[in-house]
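Visitor: Could you show me how to read the features of a model like the one below?

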Amino acid sequence: MTRYAMVIDTRLCIGCGDCVVACKNENRVPAGLNRDWVVERTSGAWPRLETEFRSERCNHCDHATCVQACPTGASHHWGDTNVVLVNPDQCTGCKACIAACPYDARYITPEGYIDKCTFCHHRVEQGLDPACVATCPTRCMHFGRLDDPRSRVAQLLRERNGETLKPETGNLPNVYYLK
Amino acid sequence: MIEETLVTARLNPKVDPSLGIWSWEIPVYLFLGGLTAGLMFFAAWALLSGREKTAPFAAHRMALWAPIVLSIGMTALFFDLEHKLWVWRFYTSFQVASPMSWGSWLLIFIYPISLLQILSTLRPGYPGLAGWAERVPLVPRLLDLCERHRRTIAAWSIPFAIGLGIYTGILLSAFSARPFWNTSILGPLFLVSGLSAAAALAILAAREAAERHLFARIDIGLLIVELALVALLVIGLATGGRQQLQALELILSGPYAALFWGWFVGMGLVLPLLLEWQELRGRLKLVFIAPVLVLIGGFLLRQITVDLGQLSTWTEYATQFDPALFERLRP
């Protein structure tokens, strides 16, 4: 299985939101809807406060509960990869996948089918990075194949500790955050 | 202190700030699906246990209600779909891991079985309707055939009815992302609630006191079992992990606490239980109140469960500026 992953360096991220804008432009995401978003996490007690920015999106889980919940096969893994896609021509808009996603990464399009981050698989096919990664002005975002030890994402995860969001869901998410 | 705020807007409709994808349609469907399971079950049970004389409504007339009730429920389900013209896609694949896929195929089997149940009891149950139907060629022979095999049909109805009843609960309990739903007790709880609703309907519709009393006795048993299952649900949440404990909070305080304990447990389970018990002892004559309360309670169980599952979550962000957060920053 080809495992695509995103590795985001929270020490470099400044929370500018360019990734969000890039995604909206690239994927023509309808007004009012978002495939990615930036979270500011503040922890500690004053004056010892720590802030961390996280650009979040679908985690393209290996064990994707949304794909399991889909009654029609509209939600599926792209080929032999972990990239989770939705086929609008199979989607009934039953919303089971939205309920099944612990990260609340999915939304309903104005047409009625369910949509979400695709890891810009149309760009990945051409050897390009996803739009958010390509746009990031601080270069804090990295994209690549986890199963290739020479890839930048695999190297970064070897060198520094990467954490995923809510690994306890058991979904095996593939967006990593460097601390 | 940990505070997580959204820097960029994320207000995806029906997803943020908390899930609101399913409103009344899914609870109506789950309730009517459970009721259908109960109707098919008791129709088959009355026939198999030889109660045609003592429970004529259940044995002969109840089966006709099942597909009508189910169709109303499935209409509600259709209303809930966001991509309605693609509804046929449920039947172009079978997804082993998806309870909803199992359910949609199960419903396809329920209809013909329910139809056979109706045909096998149509003559004694609805003589007028049977007489009218028999004008169509071959129908008399079909009715003869179904009547001859009515015990086999009833025996086949029972596992499908139980499957349908349990499925309405598993549909929700299979979502590990929603802690309030993620307990397998929902399957039996919804099944028993569906059986109880069907028994209540039998009390309302039966003409003879003996049959009403039979179903009142059955309903008392079912309500006691349902109370025990609710207790197990609460114990399960109370002894669970952090997510389960947060889900439990939703019924211990806040707007849903009164709805759950007062309206569902109090008015929908305990009060009808007491009323039916007193009626059986001959101390009360309020025949219709208890079964109506049971039916309302049955619907409330689905509505409350569907709502609370969507409120219980793994991820929560502050989406609005909250001045109280400043207080939490103080050492």
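**Reading the model**

Guide: Start with confidence: chain B averages a pLDDT of 94, and 95% of its residues score at least 70; pLDDT is the predictor's confidence in each residue, from 0 to 100. This is a predicted model, in which local features need pLDDT of at least 70, side-chain atom pairs count only at pLDDT 80 or more, and totals for chains, interfaces and linings use all residues; side-chain values use heavy atoms, with hydrogens and water left out. Residues are numbered from 1 along each chain as its sequence is written, while chains are lettered from A and ligands numbered from 1 in the order in which they are written.

Visitor: What ipTM and pTM does the predictor give the complex?

Guide: The ipTM is 0.94 and the pTM 0.95.

Visitor: How do I describe the size of an interface?

Guide: It is often given as the accessible area lost when the parts come together. Here chains A and B bury about 4,100 Å² between them, 56% of it on carbon and sulfur atoms (accessible area with a 1.4 Å probe, lost on being put together and summed over both parts). A:T92, A:K95 and A:D104 supply 15% of the area that chain A buries against chain B, more than any other three residues. The contact (heavy atoms within 4.5 Å) takes 52 residues from chain A and 45 residues from chain B.

Visitor: And two packed helices?

Guide: They are described by the angle between their axes and the distance between the axes. In chain B, the axes of α4 (residues 99-125) and α7 (residues 150-173) come within 9 Å and cross at roughly 150 degrees, which makes α4(B) roughly antiparallel to α7(B) (over 145 degrees; under 35 is roughly parallel, 65 to 115 roughly perpendicular, the rest oblique). Axes are lines fitted to C-alpha atoms, for helices over the stretch in contact, with angles from 0 to 180 degrees between N-to-C directions; helices are DSSP runs of H or I, at least four residues, numbered from the N terminus.

Methods: Helices (H or I, at least four residues) and strands (E, at least two) are DSSP runs, numbered from the N terminus. Buried area is the accessible area (1.4 Å probe) that two parts lose on being put together, summed over both.
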